[in-house]
Amino acid sequence: MPSSRDVLTPDSLAMLQAIAETGSFAAAARSLGLVPSALTYRVRQIEDALDVLLFDRSSRHAQATEAGQALLREGARLLQEIDAVAHRVKRVATGWEPQLTIVIDGAVARTPIFELVEAFYALTPPTTLKLRDGILNGTLEVLTSGHADLAIGVAVNTSNVSELQTREIGEIDFVFAVAPHHPLARLDEPLSDELLLRHRMVAVADSGVRTNTSFGLVNGQDVLTVDSMQAKLEAQIRGIGAGFLPRGMVQAYLDAGLLVTRQVQRASRNLRLHYAWPGPSHRTPGRALQWWLTQLESPATRKALMENHHRQ
């Protein structure tokens, strides 16, 4: 006896749909170019393999049973998926990657990232997107370990990484910010390292496994370590600690009076951000990566990635 896999083919699922749509075996046979006996035989093969009755034959019209209706629903879904797979395969053959993974540093604004994602999906590409978060060395590690195709917001030295293509996004300005009720908000400026040493700082943990980098800390200082820039921002708004934050990320909170900036004696913090992708310069990227690289060439896009942390 044929198994369910033998009988549940795309052709047989389409045949069952034809019976349900026309309402009779005879009409379905005519639409499919089959003799009625051949169509009836194929339906009985499916019913025998599944050990269910798919159509009630007691009246002139072929009425799908409850089991038949379930198979018709699932069959329609499977036929749609088969068509979608065929479409994706055809598109991939034209140079589109099956998947594109992008790692994004925590200092990069997310609003323009998701605007780019929306624009990318508007192309109806066969490529699926995967977004990953990174911090400092961890952003680069995800790329160099082969777990990402593009890194946006690389802030560490890449000169020792071979066959890595990089382009500059720009320089991101960091400000020292505290909650207005924090003790440092009431002290005379500029704040010295000796003074900062007495107060807790909030730091984002480097997501790198092989290396670990921290910025803006004084040796011996009490530190609350969090795993994202959003968590760092939340902790500083609550007055749990102080620290440097990207100006674009905190500007709305400064305007609302939830944070205040303070001048410090140490040099101001700035990071030069880049985007990077693997492969020698003569290798042509896939069409999905090419699209993202083209968008990142725009000065307006680069500026937004550094500044537009909030929905406009």
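Me: Is Ala29 buried or exposed?
Reply: Buried means under 20% relative accessible area, exposed over 50%, partly exposed in between (1.4 Å probe, protein chains only). Ala29 has a relative accessible area of 1%, so it is buried. This is a predicted model, where local features need pLDDT of at least 70, side-chain atom pairs count only at pLDDT 80 or more, and totals for chains, interfaces and linings use all residues. Residues are numbered from 1 along each chain as its sequence is written, and side-chain values use heavy atoms, without hydrogens and water.

Me: Where is Ala29 placed?
Reply: Ala29 belongs to helix α3. Helices (H or I, at least four residues) and strands (E, at least two) are DSSP runs, numbered from the N terminus.

Me: Leaving aside neighbours within four places in sequence, what is Ala29 in contact with?
Reply: Contact means heavy atoms within 4.5 Å. Beyond those neighbours, Ala29 touches Leu34, Val35, Pro36 and Leu39. Thr40 lies eleven residues from Ala29 along the chain, and their C-alpha atoms are 8.9 Å apart.

Me: How do α3 and helix α4 cross?
Reply: Axes are lines fitted to C-alpha atoms, for helices over the stretch in contact; angles run from 0 to 180 degrees between N-to-C directions. Helix α4 covers residues 36–50. Its axis comes within 9 Å of that of α3, and they cross at roughly 105°. That makes the two helices, α3 and α4, roughly perpendicular (65 to 115 degrees; under 35 is roughly parallel, over 145 roughly antiparallel, the rest oblique).

Me: Which residues of α3 and α4 meet?
Reply: From α3 come Phe25, Ala28, Ala29 and Leu32. From α4 come Pro36, Leu39, Thr40 and Val43. By class, this contact of α3 with α4 holds seven nonpolar, one polar and no charged residues. Nonpolar covers Ala, Val, Leu, Ile, Met, Phe, Trp, Tyr, Cys and Pro; charged covers Asp, Glu, Lys and Arg; the others, Gly among them, are polar.

Me: At what angle do helix α2 and helix α3 pack?
Reply: At about 125°, with the axes of α2 (residues 10–22) and α3 (residues 25–32) 8 Å apart. The pair α2 and α3 is therefore oblique. On the α2 side, Met15, Ala18, Ile19 and Thr22 meet Phe25, Ala27, Ala28, Ser31 and Leu32 of α3. The contact of α2 with α3 has seven nonpolar, two polar and no charged residues.

Me: What does the C-alpha trace of the protein span along its principal axes?
Reply: About 95 × 50 × 35 Å. Of the 312 residues, 44% count as buried. The secondary structure comes to twelve helices and eleven strands.
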